[in-house]
Amino acid sequence: MIMMRVLRSGSFLTLVDQGIFSVANFATSVFVGRYCMQEEMGEYTLGFTLINILLSLQLSLIVTPYSIYYPRRAGADRYEYTGSIFIHSLLLALCISAILLLASLLLGPWLDQGVKSILFTLSYVILFIMLRDLIRRACFARLEIGHVLFLDGIIAVFQIAGLYLLLRNGLLSAETALIVMGLTGVVAAAIWLLGKRGEVRFSLRKALGEVRISIALGKWVFLSGLLWLLSISLYPWLLAFFHNTAAAGVWGAAMGIVGFANPVILGVQNYLGPKMAHHYAADGIGRFESFIQGSVRAFFLLVLPMALGLWFFGENLLSLIYGQSYSNSGPVVQIMGLDMIVTGTAFCYGRALFVMEKAKADFLANVASFAFFLTIGILLVKMYGAVGVALGMMLGNAIASSIKYVIFRSQLRIHKAAVAHAYE
């Protein structure tokens with residue numbers, strides 16, 4: 001029943017859109033990795049990783065507050081708020097561009113030439129890459145799933161065609177691949193702003209007034225994301241420190257297998273997050289509990305088949321894709337499959353807290369998870385290697401999910417008690 005509602009709703013289109021978006025990014029990495037030198041692929045990977053970090057900063061400080069507060073506004077206020085986030089993004093991008101440019105110039109003598117070139121290239125294309133992501137996220141926040149699907153389809157064609165033209169003319173490199181990604185932002189902005197020109201109003205005074213509102217919520221979203229990013233990023237380094245780089249390679253291969261599920265997971269998240277905000281704005285907290293519980297069940301039903309597939313066939317996939325040397329690493333993939341279910345639950349309750357403007361509580365839950373990583377998690381890595389990493393991640397996410405659930409329930413009890421008191 002829940003599954004059918006999901007497939008009939010806009011969430012199915014978000015799965016299609018995320019698939020298109022992921023294919024475009026994957027195709028870019030294949031172009032660079034297959035037709036450029038290995039050093040170029042390394043430079044592109046560093047640049048792409050930096051882009052993801054910068055986009056997560058924009059997501060936390062600008063997009064997430066917009067997705068929560070947009071449904072609560074109406075008419076001209078919505079139009080001005082949409083214009084404000086474009087101004088916020090522009091100001092943030094200009095600051096980032098200046099930092100990247102200074103880093104490429106001042107750190108030049110100590111940086112590899114390729115890394116310096118990537119930083120310099122990003123200093124003038126990051127604005128357009130951030131603009132493209134802002135438009136995608138704004139469409140999701142407004143539940144305009146058809147619009148984002150249309151835009152991503154055009155962008156994917158433009159991006160792949162641009163890479164092919166570069167290849168045919170002998171101009172393909174890590175830097176030119178990033179420039180093509182930037183140009184897609186110009187295309188996205190032109191199409192979207194022309195189509196929505198009556199629904200976006202730019203006011204610098206209004207935008208500056210909205211900064212405080214965005215930062216009040218966004219800072220906790222950013223700090224929560226930072227803790228999660230640190231724990232994910234530090235695990236491979238711990239593996240290499242306690243064991244060897246081969247152990248880190250096993251972890252990387254397992255991440256590659258689990259990554260096949262990312263389009264589904266990210267697609268559902270892109271839909272459910274804004275949908276929660278719209279539901280809360282329309283009905284208030286009264287019926288919010290049933291919607292969140294339904295979201296948890298829907299997420300579970302979508303992820304469960306993939307988790308079962310990894311449990312029974314994960315080891316075979318590792319051997320098939322990465323070679324027989326990974327044939328004994330099946331338990332890593334199995335545990336990571338279970339972690340997908342736990343992570344989905346944590347996302348639902350965490351985003352519910354964001355919508356209820358309790359982002360600080362979500363951050364504190366992630367602090368508890370990070371504390372587990374710094375103590376038991378490190379010990380598990382030392383004792384069990386890559387399996388310990390998977391266990392540590394799953395248990396840490398389970399702790400965070402449990403705390404978020406308890407806080408969510410407590411907020412509901414407070415609301416019900418207040419309502420009952422009002423009727424006495």
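Predicted model: local features only at pLDDT ≥ 70, side-chain atom pairs only at ≥ 80, totals over all residues.
Okay, let's start with one residue.

If we skip the neighbours within four places in sequence, Ser-89 touches Gln-58, Ile-62, Met-130 and Leu-134.

In general, two packed helices are described by the angle between their axes and the distance between the axes. For α4 and helix α8, which is residues 204–242, the angle is about 80° and the axes are 9 Å apart. An angle from 65 to 115 degrees counts as roughly perpendicular, and so α4 is roughly perpendicular to α8. On the α4 side, the contact is made by Asp-77, Glu-80, Tyr-81, Ser-84, Ile-87 and His-88. On the α8 side we have Leu-204, Lys-206, Ala-207, Glu-210, Val-211 and Ser-214. Sort the residues of this contact by class, and you get five nonpolar, three polar and four charged.

Now for another pair, α10 and α12. Helix α10 is residues 262–283 and helix α12 is residues 330–355; their axes come within 10 Å and cross at roughly 25°. Parallel or perpendicular? Since angles under 35 degrees count as roughly parallel, α10 is roughly parallel to α12. The crossing of these two helices is right-handed. From α10, the residues making the contact are Ile-265, Gln-269, Leu-272, Gly-273, Met-276, Ala-277 and Tyr-280. From α12, they are Met-340, Phe-347, Cys-348, Arg-351, Ala-352 and Val-355. This contact of α10 with α12 has 10 nonpolar residues, two polar and one charged.

Let me pick one name out of that list, Tyr-280. This residue is in helix α10, and at 18% relative accessibility it counts as buried. What does Tyr-280 contact, leaving aside its neighbours within four places in sequence? The answer is Arg-72, Ile-285, Phe-288, Val-355 and Met-356. Look at Arg-72 on your screens. Tyr-280 and Arg-72 are 208 residues apart along the chain, and yet their C-alpha atoms are separated by 8.8 Å.

Compare that with another pair of residues. Gly-162 and Leu-238 are 76 residues apart along the chain, and 39 Å separates their C-alpha atoms. Gly-162 itself is in helix α6 and is buried, with a relative accessible area of 19%.

Back to α12 for a moment, and its packing with α13. The axes of α12 and α13 come within 7 Å and cross at roughly 145°. In this contact, Gly-350, Leu-353 and Phe-354 of α12 meet Ala-359, Ala-361 and Asp-362 of α13. By class, that's four nonpolar, one polar and one charged.

Next, the loops. Glu-357 is in the loop between α12 and α13. Its phi is positive, about 60°, although the residue is not a glycine. Glu-357 is partly exposed, with a relative accessible area of 43%. Leu-143 also has a positive phi, near 60°, and again that's in a residue other than glycine. Which loop holds Leu-143? The one between α5 (113–141) and α6 (145–168). At 26% relative accessibility, Leu-143 counts as partly exposed.

Last stop, Thr-121, in helix α5. Buried or exposed? Buried, with a relative accessible area of 3%. A polar atom of the Thr-121 side chain lies 2.9 Å from the backbone oxygen of Ser-117. Beyond its neighbours within four places in sequence, Thr-121 is in contact with Glu-175, Leu-178 and Ile-179.

Conventions:
Residues numbered from 1 in each chain as written. Heavy atoms only, no water. Contact = heavy atoms within 4.5 Å. Axes fitted to C-alpha atoms, helices over the stretch in contact; angles between N-to-C directions. Helix = DSSP H or I, 4+ residues; strand = E, 2+ residues; numbered from the N terminus. Parallel < 35°, antiparallel > 145°, perpendicular 65-115°, else oblique. Left-handed = near helix turned anticlockwise from the far one by under 90°. Nonpolar A, V, L, I, M, F, W, Y, C, P; charged D, E, K, R; others polar. Buried < 20%, exposed > 50% of the residue type's maximum accessible area, 1.4 Å probe, protein only. Polar contact = N/O pair within 3.5 Å; in protein donor to acceptor, adjacent residues only side chain to side chain.
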